[in-house]
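Student: I would like to go through this model with you. Shall we work from the whole chain down to one residue?

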Amino acid sequence: MLGFLEFTTVLLLSLRLLPIFVVMPLNVFSKAPILVRLIIVLSISIIMAGLVPIESNVLTISLVISEFLLGVVIAFSFHTAFASLDLVGKLLDLQIGINTAGIFDPSSSHLGGVISDLLIAIAGVVFFILDLHYTLIQGLAALFKVVPLGAFDFQLLNIKKLISIMGAQFIFAFIMVLPVILGVWLVDLAFAVMSRSMPQANIYFLALPVKFTVGLLLLMFTMPMIVQNIPRLFEQPLKLILF
């Protein structure tokens, strides 16, 4: 009976941690082989098995699904933080004109953006520099005390609050790069006026190097502010873990 209880604890722990660590958008995890990520999840589950209370010693399908769904919700909130940076980065790539020649990423089989990749890389570095990975593990340990294994009810999850948190992350990421977007938009506006007064000129090829230069200069000047505010994108997912 004791062996079955330990197996159930490790299994439910792994199901809750699986979506968080296996599909974590950090480059350290996303570039690692899937077997390595599974071993990490299993190792953490075994270590925490003796510290986590379990409400039920009966393994059912609903119990397995509920624990996995809780992990999906937490992982999705972290994905939203990185997805918001990816979205605004691709928007800057489009506005500045960097993605006029798309860059193909063979690891993900899609066209990537330079600025979006830069912002995601910076977010990953900041995540580890500020020891947010320790905060994540501490939050998960605290969550096990608040919601023991086998006690999560998906109906108690506040979907509206979850959606509002994710929407706030996208809005905040857009505000971080708003000075760059406005600056490049003013350049577009100036060249639009020029195109009306000089219709014979090829404004597109005249504006492209100017937009590129102005956009990179604005991005360089606003980068300290962006880096300073990136940790705020992770505050809401961590608060979600700690309820």
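The questions below go from the chain to helix pairs and then to a single side chain.

Tutor: This is a predicted model, where local features need pLDDT of at least 70, side-chain atom pairs count only at pLDDT 80 or more, and totals for chains, interfaces and linings use all residues. Residues are numbered from 1 along each chain as its sequence is written, and side-chain values use heavy atoms, with hydrogens and water left out.

Student: In what order do the elements of the chain run from the N terminus on?

Tutor: Helices (H or I, at least four residues) and strands (E, at least two) are DSSP runs, numbered from the N terminus. The chain has 10 helices and two strands. From the N terminus on, the order is α-α-α-α-β-β-α-α-α-α-α-α.

Student: What percentage of the residues of the chain count as buried?

Tutor: Buried means under 20% relative accessible area, exposed over 50%, partly exposed in between (1.4 Å probe, protein chains only). The chain has 243 residues. The buried share is 41%.

Student: At what angle do helix H4 and helix H9 pack?

Tutor: Axes are lines fitted to C-alpha atoms, for helices over the stretch in contact, and angles run from 0 to 180 degrees between N-to-C directions. H4 spans residues 61-96 and H9 spans residues 203-229. Their axes are 8 Å apart. The angle is about 145 degrees.

Student: Which residues in H9 do Leu 92, Gln 95 and Ile 96 in H4 meet?

Tutor: Contact means heavy atoms within 4.5 Å. On the H9 side, the residues are Leu 208, Lys 211, Phe 212, Gly 215, Leu 216 and Leu 219.

Student: How many nonpolar residues does the contact of H5 with H9 have?

Tutor: The axes of H5 (residues 114-129) and H9 come within 12 Å and cross at roughly 35 degrees. H5 brings Ile 115, Leu 118, Leu 119, Ile 122 and Val 126, while H9 brings Leu 219, Met 223, Ile 226 and Val 227. Ala, Val, Leu, Ile, Met, Phe, Trp, Tyr, Cys and Pro count as nonpolar, Asp, Glu, Lys and Arg as charged, and the others, Gly among them, as polar. No polar and no charged residues take part, and the nonpolar count is nine.

Student: Is Ser 14 buried or exposed?

Tutor: Ser 14 sits in helix H1 (residues 2-22). Its relative accessible area is 14%. That value makes Ser 14 buried.

Student: With which side chain does the side chain of Ser 14 make a polar contact?

Tutor: Leaving aside neighbours within four places in sequence, Ser 14 is in contact with Val 41, Leu 42 and Ser 45. A polar contact is a pair of N or O atoms within 3.5 Å; within protein, one must be able to donate a hydrogen and the other to accept it, and residues adjacent in sequence count only if both atoms are side-chain atoms. At 3.1 Å, the partner is Ser 45.
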